[in-house]
Amino acid sequence: MKLASLNKGRDGELIVVSRDLSRYCGAADIAPTLQAALDAWDITAPKLRARFAALQDNEITSFPFDAAACHSPLPRAYHWADGSAYVNHVELVRRARGAEMPESFWNDPLMYQGGSDKFLGPCEQIAVADTDWGIDFEAEVAVITGDVPMGIGAGNAGDIIRLVMLVNDVSLRNLIPAELAKGFGFYQSKPSSAFSPVAVTPDELGHHWHGGKLHLDLHAVLNGRKIGAPNAGVDMTFNFPQLIAHAAKTRPLGAGTIIGSGTVSNVDRSAGSCCLAEVRMLEILADGKPVTPFMQFGDRIEIAMYDEHGENIFGTISQRVVEYTEPH
């Protein structure tokens with residue numbers, strides 16, 4: 001099934017969306033919000049699946065679906081942790097600046113906990129005060145979990161994945177080095193992320209979801225120009241069950257926890273990249289200096305994933321970068 005949240009109130013209003021993303025019907029009588037549905041998943045999921053089936057069979061009143069009317073599926077979350085599962089991407093970035101990569105990166109996932117008190121909607125503007133901060137997009141895949149017990153093994157963690165969605169993990173690249181140099185991680189360099197209009201259950205992805213990975217191309221288009229479409233299932237060193245187990249090693253995770261994959265990246269660079277930092281690093285390795293600029297005011301980034309029939313699975317993240325002005 002496919003679920004979304006209308007942009008109503010701080011936590012949105014839960015709706016069920018048709019498979020082709022053309023129509024939706026209300027679901028607030030089952031659960032007012034997606035978080036409420038996740039909190040009581042054993043009760044709400046069968047009812048939501050029945051509602052989805054009725055919507056597919058035109059047995060219930062429906063309305064035209066508009067991604068621009070949606071917030072991110074979870075407008076805010078109790079927990080948002082982003083991994084860096086494509087280790088070849090990490091290796092590339094470090095190699096471009098002449099840094100060796102520790103061998104442990106291949107068997108121990110990188111992960112940081114990001115701000116989750118307010119996500120951006122999938123069509124909401126990215127407001128930044130200064131382009132000198134190095135505005136970048138990061139196209140990723142993410143999962144939403146149910147309640148995860150502390151110390152769960154990767155072999156069992158896959159059963160707790162409730163939904164899958166896409167992410168634009170906005171990064172301010174030029175602020176990152178100084179923050180990391182303090183030895184205390186990201187904060188100012190990681191503003192609000194945005195997620196796809198629709199979150200889908202793993203079964204909806206069919207054979208494309210296997211091995212705890214989503215085996216489809218993730219498309220990143222900047223100002224109408226394709227930056228890349230690498231396959232999200234290829235070269236993913238750590239799958240989602242492994243990332244969940246890593247996050248839950250020393251603490252339980254509450255229902256509604258979001259775990260991100262990190263920037264999707266393939267060793268075969270012919271499919272392009274899912275962030276400008278990688279594009280620039282490849283330019284440094286090839287020519288000694290970057291040519292591609294980071295995003296400027298007015299730029300638009302679009303992130304989407306399509307099935308083998310060309311159908312948009314999650315809806316499109318479509319965001320324009322604008323100059324932030326302080327409210328008065």
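Okay, hi everyone. First, this is a predicted model, where local features need pLDDT of at least 70, side-chain atom pairs count only at pLDDT 80 or more, and totals for chains, interfaces and linings use all residues. Residues are numbered from 1 along each chain as its sequence is written, and side-chain values use heavy atoms, with hydrogens and water left out.

Let's start with the empty space. Rolling a probe the size of a water molecule over the atoms shows where empty space is left. A pocket here is an open set of points on a 1 Å grid over the protein atoms alone, where a 1.4 Å probe fits, with protein on both sides within 12 Å along at least five of seven lines; lining residues have an atom within 4 Å of a point.

The largest pocket holds about 870 Å³ of space, a volume being the space filled by probe spheres set on the points, which are joined across faces, edges and corners. It has 30 lining residues, and the closest to its centre are Val93, Arg173, Ile176, Leu180 and Phe186. Helix H3 (87–96) and helix H5 (176–181) are among the elements that give two or more residues to that lining. Helices (H or I, at least four residues) and strands (E, at least two) are DSSP runs, numbered from the N terminus.

Now the second largest pocket, with about 620 Å³. Its lining has 25 residues, and nearest its centre lie Tyr187, Gln188, Lys190, Pro191 and Ser192. Strand E8 gives the most to this lining, with 3 residues.

On to single residues. Is Ser273 buried or exposed? Ser273 is buried, because its relative accessible area is 3%, and buried means under 20%, exposed over 50% and partly exposed in between (1.4 Å probe, protein chains only). You'll find Ser273 in the loop between strand E19 (258–260) and helix H7 (276–287). Not counting residues up to four places away in sequence, Ser273 touches Ala220, Ile227, Gly228, Glu278, Val279 and Leu282, where contact means heavy atoms within 4.5 Å.

Asn223 sits in the loop between strand E17 (218–222) and strand E18 (225–228), and counts as partly exposed at 44% relative accessibility. What do its side chain's atoms reach? The Asn223 side chain comes to 2.8 Å from the backbone nitrogen of Arg300, and a polar contact of 3.0 Å joins it to the side chain of Asp299. A polar contact is a pair of N or O atoms within 3.5 Å; within protein, one must be able to donate a hydrogen and the other to accept it, and residues adjacent in sequence count only if both atoms are side-chain atoms.

That's my tour, thanks!
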